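Subject: Structure handover

Hello,

Here is the structure I said I would pass on. Please open it and keep it beside this email while you read.

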Amino acid sequence: MSAITRDEVAHLARLSRLALREDELDQLAAQLDDIISAVAQVQEVAQGDIPPTSHALPLTNVYRPDEARPGLGPDAALAGAPAVQDQRFRVPQILGEED
Amino acid sequence: MASDDLIRLSAAELGAAIAAGETSSVDATRAYLDRIDAVEPDINAFLHVGRDSALEQARTADRRRADGEDLGPLAGVPIAHKDVFCTKDMPTTAASKILEGWQPPYDATVTARLRDAGLVILGKTNMDEFAMGSSTENSAYGATRNPWDTARVPGGSSGGSSAAVAAFEAPLATGTDTGGSIRQPAAVTGLVGAKPTYGGSSRYGVIAFASSLDTPGPFARTVLDAALLHEAFSGHDPRDSTSVDAPVPGVVEAARRADVQGLRVGVVKEFGGEGYQPGVTQRFQESVELLESLGAKVVEVSCPSFTSALAAYYLIAPSEASSNLARFDAMRYGLRVGDDGTRSAEEVMSLTRAKGFGPEVKRRIILGTYALSSGYYDAYYGSAQQVRTLIKRDFDAAFEHVDVLVSPTTPTTAFPIGERADDPMAMYLADLCTIPTNLAGNAALSVPCGLAPEDGLPVGLQIMAPALADDRTYRAGAAVEAALAERWGGPLLGTSAYAV
């Protein structure tokens, strides 16, 4: 595989919503390259039509009865909020001025 | 009973002494809180100690006992929880700055069940941030030290829990094991640690790292204590959709039985040789001979895919983590940075995550995002999932011929603080032998099997069993423990620098 570039790491950081510093991008590009070349051996082992396993248990669509039960009250739900206004979570602007 | 006598007791003995009225939960809790005060400056196992709340819970346990309530064998016994378990009366941070000071509005199922059983919460233990690491050096709140040698790591990610129990700051502790985070710290601190069958212990209220692998489990000084704790928090939980709706394996009975007569034991051929410390290899081979002398039938078993488990894990776990940790978005709880009225939610999110997450967490988020990205998904994440199938097949084939598999728990004894901090791949190797069990979802336990002659540090024997056959690991572990205690003239921990 080709080496992972600094620009690729910057793109991944944007996708991950991580405002990384310049020195972090440099360091991660080098480390990621090492890690990816070490783990790339899975491609050699996983030849052919072996089915994937995403989960250890053969469970699908586990439901519980649809019964009402007490939830968190507003005070408990908002207790850890960074900012609260009128019994709601106050968040920074989501839409830009032009939207 | 004197303080030192109280904290020297096993959890089973302490529970029995409290039940018999020979001591009280308040006395035992006070003895442990005093011990924490005395050794924490050296060890740094705890992120939070709840002195007042612990004594309050101890008084309640004593009152429930006096009222004749039918309580379990661990009622009144203190415990420390890894800081990844939600506790409604204590901060829960996963050792991350992004959750500094956060107090959950509810308890994890494990926490709640142990409260109901009358256990007293001493505090919350240090860990690698979001359970990512093998040394506890990735904590945002400073490293924890190994009681056997304070210049060395206590393992990780549950290193605060291992150090606390090994330094006699708690008789019991909880941990979580995603790739070895209970078994490896137990091995390098001379403790018993178990990874239950996946789904055997509830993940509800446990801060998620890699959801298809995360498994809460016990730390203790003896196999029986680990079994009592395992049984106390296990069982089906409707709040965790991956919880197994099956009877809890009879781990306590198995720990009491402690015999391996006729047990078929397979030695995993792939785990040994180059890269393994000589003293680890020596103690492991001696344990295999011991099992044979106790009546087990030992054969060598080949599990060829296990050599690819580490690679598969370091694609699967970061992929799941990159998705799980998206919830830390600075909106509803936790840290928020840069919200000055000019920045958008997305900018605040990116600034907060960059400031709140440490280097290893960022590395895994980026790695997971890479492995899941379009164009790379099949090559990396997809291939890793295929390897996971091969590992399951290796286990299935092995368990057609043997009842348990054994290996060293980790290739080396505790390494010096700082030695692997700048080398992620060297750090990842600590989980080489423990990861296959997480990928396949079956049960495993680490039990102390001696000190490596070259450095005098503890070595762990790993015993693996099929899913829902956790009892076999306890049965074999207890047999090894009993035979070695007889050989050594007492428990291994009795020779530690922080022995009481």
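Predicted model: local features only at pLDDT ≥ 70, side-chain atom pairs only at ≥ 80, totals over all residues.

Residues are numbered from 1 along each chain as its sequence is written, and chains are lettered from A and ligands numbered from 1 in the order in which they are written.

Confidence. The pLDDT (the predictor's confidence in each residue, from 0 to 100) averages 97 for chain B, with 100% of the residues scoring at least 70. For the model, ipTM is 0.94 and pTM is 0.97.

Annotated residues. An unreviewed UniProt entry lists B:Lys82, B:Ser157 and B:Ser181 under "active site". They span 100 residues in sequence, but no two of their C-alpha atoms are more than 11.0 Å apart, so they gather at one spot. UniProt positions are given in the numbering used here, feature names are shortened, and annotations may be inferred rather than shown by experiment.

B:Ser157 sits in the loop between strand E3 (120–125) and helix H6 (159–166) of chain B. Helices (H or I, at least four residues) and strands (E, at least two) are DSSP runs, numbered from the N terminus. B:Ser157 counts as buried because it has 36 C-beta neighbours inside 10 Å. The cut-offs are 20 or more other C-beta atoms within 10 Å for buried, 12 or fewer for exposed, and partly exposed in between, with C-beta atoms placed from the backbone.

B:Ser181 is in the loop between strand E4 (172–177) and helix H7 (183–189) of chain B. With 37 C-beta neighbours inside 10 Å, B:Ser181 is buried. Leaving aside neighbours within four places in sequence, its contacts (C-beta atoms, placed from the backbone, within 7 Å) include B:Ala131, B:Gly156 and B:Ser157.

Helix H10. How far apart are the end C-alpha atoms of helix H10 (residues 278–293) of chain B? They are 23 Å apart, which agrees with the 22 Å that its 16 residues should span at 1.5 Å a residue; the expected span is 1.5 Å times one less than the number of residues. The buried residues of H10(B) are B:Val280, B:Arg283, B:Phe284, B:Ser287 and B:Leu291. Seen down the helix axis, they fall within an arc of 100° (taken from the directions from the axis to the C-beta atoms), so they line one face of H10(B). The face turned away from the buried side carries the exposed residues B:Pro278, B:Glu289 and B:Ser293.

Regards

Conventions:
Contact = placed C-beta atoms within 7 Å.
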